[in-house]
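Work through the exercises below with the sequence and the model open. Each task is followed by a solution in steps.

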Amino acid sequence: MFDVRHELKDAGLVASNLAGTVDGQAKVVHLGPELVEGKLIIDVSALEIDSGDELYRIKLQGSSAHDFSSTLEDLAILELGAKEVLGGDQDSQKGRYVLPFSNVKGLYAWPYVRLYTEVSGSIGSGINFSAHLTREVGTRATTSLTTTTSTTTSTTTTTTTTAG
């Protein structure tokens, strides 16, 4: 299910390295301190591949700071471009790309996410796309993923009755 609060980039041309924007403003989504698993949906409407050296790396990045001023981590990456750069037999095409993601790497849940596009090669017009997050059905939540952990102890008692 799509929710505008989870839109990371509205339609628009990207011809240089750029963080995702919505209505001209940098967009950051707060997922919270728990595990979130979902899908990153990227709808590509135009993709320039003329020189054979174009590469577009679209990243879902996580951070512990809402303004991404501290440590950040790449959580999911889509590489599109010329076959000469990517390998394989064909250039990337416009269309919908779906990437699974989790905001957890190791034992740390990154509470803030944004989209970031890296562009390289001989770029004239670039790539035009929009992107948003959807949540997986059955997403699990846990509080033991952040830097603070707690221990829970439980006791189970078994009673055996013997007929006599």
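The model is predicted.

**Exercise 1. Find the residues that leucine 60 touches, leaving out those up to four places away in sequence.**

Step 1. List the contacts: leucine 60 touches Leu8, Leu40, Glu73, Asp74, Leu75, Ala76, Phe101, Val113, Arg114, Leu115 and Leu133.

**Exercise 2. Identify the pairing of E14 with E1, E2 and E7.**

Step 1. Strand E1 (residues 7–9) runs antiparallel to E14 and is joined to it by two bridges. Here lysine 9 has alanine 131 as its bridge partner.

Step 2. Strand E2 (residues 13–14) also pairs with E14 through two bridges, in the antiparallel sense. Leucine 13 is opposite asparagine 128.

Step 3. Between E7 and E14 there are nine bridges, again antiparallel. Asparagine 128 of E14 is the bridge partner of alanine 46.

**Exercise 3. Describe the largest cavity and its lining.**

Step 1. Count and size: there is one cavity of 30 Å³ or more, and the largest has a volume of about 30 Å³.

Step 2. Its lining consists of Lys9, Val14, Leu18, Ala19, Gly20, Leu115, Tyr116, Thr117 and Phe129. Strand E3 (18–19) and E13 each give two or more of these residues, and E13 has the largest share, with three.

Step 3. Sorted by class, the lining has six nonpolar, two polar and one charged residues.

**Exercise 4. Aspartate 23 and phenylalanine 68 have positive phi without being glycine. Is each one buried or exposed?**

Step 1. Aspartate 23 has a phi of about 55° and lies in the loop between strand E4 (21–22) and strand E5 (25–26). Aspartate 23 has a relative accessible area of 68%; the cut-off for exposed is over 50%, so aspartate 23 is exposed.

Step 2. Phenylalanine 68 has phi near 60° and sits in the loop between E8 and E9. Its relative accessible area is 8%; buried means under 20%, so phenylalanine 68 is buried.

Note on methods. Residues are numbered from 1 along each chain as its sequence is written. This is a predicted model: local features need pLDDT of at least 70, side-chain atom pairs count only at pLDDT 80 or more; totals for chains, interfaces and linings use all residues. Side-chain values use heavy atoms; hydrogens and water are left out. Contact means heavy atoms within 4.5 Å. Two strands pair if DSSP finds at least two bridges between them. Helices (H or I, at least four residues) and strands (E, at least two) are DSSP runs, numbered from the N terminus. On a 1 Å grid over the protein atoms alone, a cavity is a set of points where a 1.4 Å probe fits but cannot get out, and a pocket is an open set with protein on both sides within 12 Å along at least five of seven lines; lining residues have an atom within 4 Å of a point. Grid points are joined across faces, edges and corners, and a volume is the space filled by probe spheres set on the points. Ala, Val, Leu, Ile, Met, Phe, Trp, Tyr, Cys and Pro count as nonpolar, Asp, Glu, Lys and Arg as charged, and the others, Gly among them, as polar. Buried means under 20% relative accessible area, exposed over 50%, partly exposed in between (1.4 Å probe, protein chains only).
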